[in-house]
Amino acid sequence: MQMDVQELYTLIDQEADGQGSLIAALAAIQERWRYLPPEALVLASARFGVPLSQTYSVATFYNAFSLKPKGKHCLNVCMGTACHVRGSPRVLERLETKLGIQAGETSRDRQFTLETVNCLGACALGPIVVSDDEYSGQMTPQKVDVLLKRIQREEGR
Ligand code: FES
């Protein structure tokens, strides 16, 4: 997604003028562009009068922030022990094959980001895949195909 610098300025100004915090500004940037580009960190640091190193610390501390571009759809596969023994490696493998990317990567068309997590706290439902905040339990490679088809169908709307 192309970044409009003027829009970036406006967004940061809105947070700063409205007594928002640096974190709120970063969250707004993350939501708009799905990642925190370097220029956004520089501008936010300057506007909030915070050292750039501190802004980087905040940006790397919270999992919600990413310094790399993310896809429109984020797929998280739980690789915690319970999900692992119930087959999450096969589920992950299917996603990697279907999407043509490895865990931790984003597809070239920026449609999908594939990631792994360690435990989502719902072990009884494992293996779990979270797609755009929606939990799918007892996943299998076949259910992966259905999930991806559904996402693609909804995209076609
Ligand atoms: S191990 Fe997957 S939810 Fe706990």
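Predicted model: local features only at pLDDT ≥ 70, side-chain atom pairs only at ≥ 80, totals over all residues.

Colleague: Okay, into which domains is the protein chain divided?

Modeller: There's domain 1, covering 5-61, and domain 2, covering 73-155. Their centres, taken over C-alpha atoms, are separated by 30 Å.

Colleague: Now the helices. At what angle do α1 and α3 pack?

Modeller: About 35°, and the axes are 10 Å apart. Helix α1 is residues 5-17 and helix α3 is residues 38-48.

Colleague: Is the crossing left-handed or right-handed?

Modeller: Right-handed, as α1 passes α3. On the α1 side, the contact is made by Leu8, Tyr9, Ile12, Asp13, Glu15, Ala16 and Asp17. On the α3 side you have Glu39, Ala40, Leu43, Ala44, Arg47 and Phe48.

Colleague: How many residues of that contact are nonpolar, and how many are charged?

Modeller: Eight are nonpolar and five are charged, with no polar ones.

Colleague: Switching topic: how many residues are in the largest nonpolar core?

Modeller: It has 18 residues. Those with the most contacts inside it are Leu8, Ile12, Leu22, Leu26, Ile29, Trp33 and Leu36.

Colleague: And which helices each supply at least two residues of this core?

Modeller: α1, α2 (22-33), α3 and α4 (52-61). There's also a second, separate core of 15 residues, including Leu92, Leu114, Val129 and Ile151.

Methods. Residues numbered from 1 in each chain as written. Heavy atoms only, no water. Domains from an automatic or database assignment. Axes fitted to C-alpha atoms, helices over the stretch in contact; angles between N-to-C directions. Helix = DSSP H or I, 4+ residues; strand = E, 2+ residues; numbered from the N terminus. Left-handed = near helix turned anticlockwise from the far one by under 90°. Contact = heavy atoms within 4.5 Å. Nonpolar A, V, L, I, M, F, W, Y, C, P; charged D, E, K, R; others polar. Core = buried A, V, L, I, M, F, W, Y, C linked by side-chain atoms within 4.5 Å. Buried < 20%, exposed > 50% of the residue type's maximum accessible area, 1.4 Å probe, protein only.
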